[in-house]
Amino acid sequence: MAKKREKSVNVSGKPKHSLDVNRDAGHKNKSGGSGRTAATVRRLKMYNTRPKRDAKGTILKYDLQSRELPSTRIQPDRRWFGNTRVVNQKELEFFREELQTRMSSNYNVILKERKLPMSLLNDHQKQTRVHLLDTQPFADAFGPKGKRKRPRLLASDYESLVKRADGSQDAFEEKCGGVDPTDENVDGFRDLVRHTMFEKGQSKRIWGELYKVIDSSDVVIQVLDARDPQGTRCYHLEKHLKEHCKHKHMILLLNKCDLTPPWVTKGWLRVLSREYPTLAFHASINKSYGKNSLLSVLRQFSRLKSDKQAISVGFVGYPNVGKSSVINTLRTKNVCKVAPIPGETKVWQYITLTKKIFLIDCPGVVYGSSDTETDIVLKGVVRVTNLHDATEHIGEVLKRVKKEHLERAYKIKEWEDENDFLVQLCKLSGKLLRGGEPDLMTAAKMVLHDWQRGKIPFFVPPPKQDDAATEPETEPEESSVAEKDVDENKEVAAKRSIKNIVSSQQLKDVPVQEDLFTENELKGESNEEES
């Protein structure tokens, strides 16, 4: 009896089956060919997924067949062969009008921006329809008898062309703030050329850094000086965001609120919150104010931008308003280099706040305006140490600051003009040159240093307004929006929380530096005198 041959057993552990994916494909077999690749093995196994049928053709087993729906058939549709969706023109117009009405308020937020055809909803002037039938009939423009198209001229004769040119010139001057040089030079004189130090924050490099921050940010926080919020606002930047970056959100932050009385800070909060969400802030690593409110608002924006892994928050504003100090306060750590002089931040930098929130620091930017050299110095744009003649700016300081504040700060009771004030200050502080002459330049720089660092009390009072006008204008929209969708419910909840945070800060007590204002000024009794 022949002995049965024993079946060989794979003891090495290496796969040898031809349909094993883990088998080495580079090893050649006996016939000289290489083994099957993993892709080939998967394709061959796919062929074995056919349903098993009996003699009558009934399906006995099929992994891809639903047991609940044994006889399923996909209905053919023409949308299989295209990757676009057709929208009716009336529906598009209705949606466009709804979008414009909703986005008229800065408290509204668009959800799922990537799924919206924003290029169709925002018609640019270069992409508007060409109305051919306005200049010639349909038979001449289209069809077999079509003629050569006429050029669409802006003016029919020379007079209309001149009128159009004059109108465009006036519109350009209103938009860009241009001034006709012939009006100023009627007497034959012209202004001296400013020194380059008064053009700080206006270079192409600085504006390039600003637009980098804007392009990279989902939320833009404009940091303002609470002593003069309107003077440190960049209206050009706000207009740019409204026209070209409608999907980005703006927040106004009143920094240095400890240098003004509480009624001034609350008044500016009521005024500015009608345009944008506005918060008061005091930058300090140990004793800060408004930190929790700002973090809550940023968390709400991160929840609204749930389609993104993280949001970026850019800090922009005038030089020396405290952008880097705000970032250090949020991090409770010195991550940005700060100094009480303008121009300390040179380039933009990314800072991680949380896993879902990143902060971007930006250099201070100054938009070209009609400010004088004294206004530029008092806004903190120029470093006092670089001024060639600091005494010419002291007269404006004496006009803006109350007399009792100067008496308390420098112990000077009476003076005739700014020169007399500086002479007395030099004698009291010992700033004298050889021969006992007063060092007016050093004394003037000392006063300007105190001004920029907040040692001299100064503030611009908020404009008076009715209490009824301070309420948000978009409140009645929430009831109609909340009934539509779950995402819109989330949007409404986030908007409500942001409004509650902004309104609740107006009721809180704002910290003020000690011995900076009198009790009457803190209570607001001198409001009429200041205004």
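This is a predicted model: local features need pLDDT of at least 70, side-chain atom pairs count only at pLDDT 80 or more; totals for chains, interfaces and linings use all residues.
User: Which residue of S4 is the bridge partner of glutamine 222?

Analyst: Strand S3 (residues 219-225) runs parallel to S4, and seven bridges join the two. The bridge partner of glutamine 222 in S4 is leucine 252.

User: Which residue of strand S5 stands opposite leucine 253?

Analyst: S4 is also joined to strand S5 (residues 278-280), by three bridges, and these two strands run parallel. The residue of S5 that stands opposite leucine 253 is leucine 279.

User: Through which helix does the chain cross from S4 to S5, and how many of the residues of that helix are buried?

Analyst: The β-α-β crossover from S4 to S5 is right-handed and passes through helix H9 (residues 262-272). H9 is mostly covered, and its buried residues include Trp263, Lys266 and Trp268. The helix is H9, and the number of its residues that are buried is 10 of 11.

User: Which residue of strand S8 is the bridge partner of tyrosine 350?

Analyst: Strand S7 (residues 349-352) and strand S8 (residues 357-361) run antiparallel and are joined by four bridges. A hairpin of four residues leads from S7 to S8. In S8, the partner of tyrosine 350 is isoleucine 360.

User: How are helices H10 and H11 oriented to each other, parallel or perpendicular?

Analyst: Two packed helices are described by the angle between their axes and the distance between the axes. The axes of H10 (residues 291-304) and H11 (residues 323-331) come within 10 Å and cross at roughly 85 degrees. An angle of 65 to 115 degrees counts as roughly perpendicular. The two helices are therefore roughly perpendicular.

User: How many residues of the contact of H10 with H11 are nonpolar?

Analyst: H10 contributes Lys291, Leu294 and Leu295 to the contact, while H11 contributes Val326, Thr329 and Leu330. Besides the nonpolar residues, the contact holds one polar and one charged residue. The number of nonpolar residues is four.

User: What is the relative accessible area of phenylalanine 301?

Analyst: Phenylalanine 301 lies in helix H10. Leaving aside its neighbours within four places in sequence, phenylalanine 301 is in contact with residues including His249 and Ile251, both of which point one way from S4. A residue counts as buried under 20% relative accessible area. Phenylalanine 301 is buried, with a value of 4%.

User: What percentage of the 531 residues in the protein chain is made up by buried residues?

Analyst: The protein chain has 20 helices and eight strands. Of its contacts with a separation of 6 or more, 66% are between residues 24 or more positions apart. Buried residues make up 35%.

Notes:
Residues are numbered from 1 along each chain as its sequence is written. Side-chain values use heavy atoms; hydrogens and water are left out. Buried means under 20% relative accessible area, exposed over 50%, partly exposed in between (1.4 Å probe, protein chains only). Two strands pair if DSSP finds at least two bridges between them. A crossover is right-handed if, with the strands pointing away from the viewer, the path from the first strand over the helix to the second runs clockwise. Axes are lines fitted to C-alpha atoms, for helices over the stretch in contact, and angles run from 0 to 180 degrees between N-to-C directions. Angles under 35 degrees count as roughly parallel, over 145 as roughly antiparallel, 65 to 115 as roughly perpendicular and the rest as oblique. Contact means heavy atoms within 4.5 Å. Ala, Val, Leu, Ile, Met, Phe, Trp, Tyr, Cys and Pro count as nonpolar, Asp, Glu, Lys and Arg as charged, and the others, Gly among them, as polar.
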